Amino acid sequence: MASSQCCENPPVLNPAGGEGKVVDSLGGLKAYIAGSDGAKSAVILVADVFGFESPNLRYESLFHEWKIADKVASSGYFVVVPDFFHGDPYAPDNAERPIPVWLKSHTPEKGFEEAKPIIAALKEKGILKVGAAGYCWGAKVVVELAKAHEIQAAVLLHPSFVSVDDIKEVKCPISILGAEIDKMSPPEVVKQFEQVLSANSRVGHFVKIFPGVSHGWSVRYSHDDAAAVKSAEEALADMIDWFDKNLK
């Protein structure tokens, strides 16, 4: 069952945010896309339970700041943020659908299956390498892609539902960015992930635990909190660096 940490600090969703655009179908799903059509590497960003309209994933004109998807795109990637929830992100104020009920309709396993046609569509448009980064719920989707030879690089940020057995089956270079204060993947579990990866010389890895931050810190942070912004920006820089090393 998901921890309450998965649902803390819900964002105000913004369907209009972003320097890119929303397309009705990419591989069968509505998606926010950004970056050059001529890019040869793509990055799929898999959101947490609040979905692809989360403002920190995109561009918030109120703050005039580049956000995650657009920053990754500016590094030379074609970026896709799919709507894996089909217009039905988790809504904390809906008492009839608490997170355990909502998750029955939106399993990471379903997200994994829906991601495969997106990857196929990207390759049809000339993309040679695909990476994926997942936040919380999305990390489980990404680790499944990494186990199935579907992607060439993976990043998990404060993962939920990811097990040691999952990590044992990863087939591509993987970075795991964890939080010091995290019930879903506490530091001791993240260290187990690192031990498994260290024992597997065939898979490159980078593991880091960010001090003083909680689950969700990299995508659900307050712009008024300078320390939170700094930690989130550091995580984003680490993610882009990992993709640069493994997709270019």
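Phe-85 and Trp-137 are both buried. The model is predicted. The rings of these two residues are paired edge-to-face, because their centres are 4.7 Å apart and their planes stand at 70°, over the 60 degrees that this class requires. The pair joins distant parts of the chain: Phe-85 is in the loop between β4 and α2, Trp-137 is in helix α4 (residues 137-147), and they are 52 residues apart.

**Aromatic rings**

- A pair of aromatic rings is described by the distance of the centres and the angle of the planes.
- Seven aromatic pairs turn up in a search of the whole structure.
- Phe-85 also pairs edge-to-face with Trp-102, with 4.8 Å from centre to centre and 75° between the planes.
- Trp-102 belongs to helix α2 (99-105) and Phe-85 to the loop between β4 (78-82) and α2, so this pair ties together parts 17 residues apart in sequence.
- Trp-102 is buried, as is Phe-85.
- Ring pairs connect Phe-50, Phe-84, Phe-85, Tyr-90, Trp-102 and Trp-137 into a cluster.

**A charge over a ring**

- Lys-125 places its charged end over the ring of Phe-78, 4.1 Å from the ring centre.

**Helix α6**

- Helix α6 (residues 187-198) has 12 residues, so at 1.5 Å a residue it should span 16 Å; the C-alpha atoms at its ends are 16 Å apart, which agrees.
- Which residues of α6 are buried? They are Pro-187, Val-190, Phe-193, Val-196 and Leu-197.
- An α-helix has 3.6 residues a turn, so residues three or four places apart point the same way.
- The cover over the buried residues of α6 includes α5 (164-168), β7 (174-181) and β8 (205-214).

Notes. Residues are numbered from 1 along each chain as its sequence is written. This is a predicted model: local features need pLDDT of at least 70, side-chain atom pairs count only at pLDDT 80 or more; totals for chains, interfaces and linings use all residues. Side-chain values use heavy atoms; hydrogens and water are left out. Helices (H or I, at least four residues) and strands (E, at least two) are DSSP runs, numbered from the N terminus. The expected span of a helix is 1.5 Å times one less than its number of residues. Buried means under 20% relative accessible area, exposed over 50%, partly exposed in between (1.4 Å probe, protein chains only). Contact means heavy atoms within 4.5 Å. Rings of Phe, Tyr and Trp (its six-membered ring) pair if their centres lie within 6.5 Å; planes under 30 degrees apart count as stacked, over 60 as edge-to-face and the rest as tilted. A charge sits over a ring if NZ of Lys or CZ of Arg is within 6 Å of the ring centre and within 35 degrees of the ring normal.
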